[in-house]
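Welcome! Let us take a friendly walk through one part of a protein model, with the picture beside us as we go.

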Amino acid sequence: MRISARAIGLFRKEVRSRTPRVRRVPGRELLGGLDTYLRGWAGYYARFDGCRNQLKELDAWIRRRIRQWLWVGWKTPRNRRRQLRQGGVREPVLARSAWIRSAWKAAGSQAMCICVTNARIERAGLPPLMRHWQRFAAL
């Protein structure tokens, strides 16, 4: 059984509302609220075995959305460059990435994936959606 397109659309709408680009909230608060919502959502869909690939895709989308949220918060190319350098991005990639205007494109860039890894997001307080799903599916 698969998750309906309508349910996925509502899920994305809710995640967008919890990761606002204009109204900034502290990172811990953002990730805590998002984790609570994801845990409940994964708990509901853990009953269905056929939705694993959809959850993996949503998990990747959520992490890109978090990277986008960070990119918008960094505001200026100078600050973005500094943050990327602190995150371990080397100069050739850094020079191309700091001037990306689209936050969504920047979130999917090589530089952001190096700087804000999935492990770093998890350490900050947001485990992968699949981990919640696996925990509930085992019950």
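Predicted model: local features only at pLDDT ≥ 70, side-chain atom pairs only at ≥ 80, totals over all residues.

Residues are numbered from 1 along each chain as its sequence is written, and side-chain values use heavy atoms, leaving out hydrogens and water.

Start at helix α9, which spans residues 129-137. Helices here are DSSP runs (H or I, at least four residues), numbered from the N terminus. Within α9, Leu 129, Met 130, His 132 and Trp 133 are buried, where buried means under 20% relative accessible area, exposed means over 50%, and partly exposed is in between (1.4 Å probe, protein chains only). The buried residues of α9 pack against α2 (27-45) and α3 (52-74).

Two packed helices are described by the angle between their axes and the distance between the axes. For α3 and α9, the axes come within 8 Å and cross at roughly 145°; axes are lines fitted to C-alpha atoms, for helices over the stretch in contact, with angles running from 0 to 180 degrees between N-to-C directions. On the α3 side, Arg 52, Leu 55, Lys 56, Leu 58, Asp 59 and Ile 62 meet Leu 129, Met 130 and Trp 133 of α9, with contact meaning heavy atoms within 4.5 Å. By class, this contact has 6 nonpolar, no polar and 3 charged residues.

**Single residues**

Asn 53 sits in α3, and its C-alpha atom is separated by 9.6 Å from that of Met 130, 77 residues apart along the chain. Arg 131 belongs to α9; from Gln 83 it is 48 residues apart in sequence and 29 Å apart in space, C-alpha to C-alpha.

Here is how accessible some residues are:

| Residue | Relative accessibility | Class |
|---|---|---|
| Cys 51 | 0% | buried |
| Cys 115 | 3% | buried |
| Arg 131 | 43% | partly exposed |
| Asn 53 | 51% | exposed |

**Cysteines**

How many disulfides does a search of the whole structure find? The search finds 0, a disulfide being a pair of cysteine sulfur atoms within 2.5 Å. For Cys 115, the closest cysteine sulfur is in Cys 113, and at 10 Å that is too far for a bond.

Note on methods. Helix = DSSP H or I, 4+ residues; strand = E, 2+ residues; numbered from the N terminus. Nonpolar A, V, L, I, M, F, W, Y, C, P; charged D, E, K, R; others polar.
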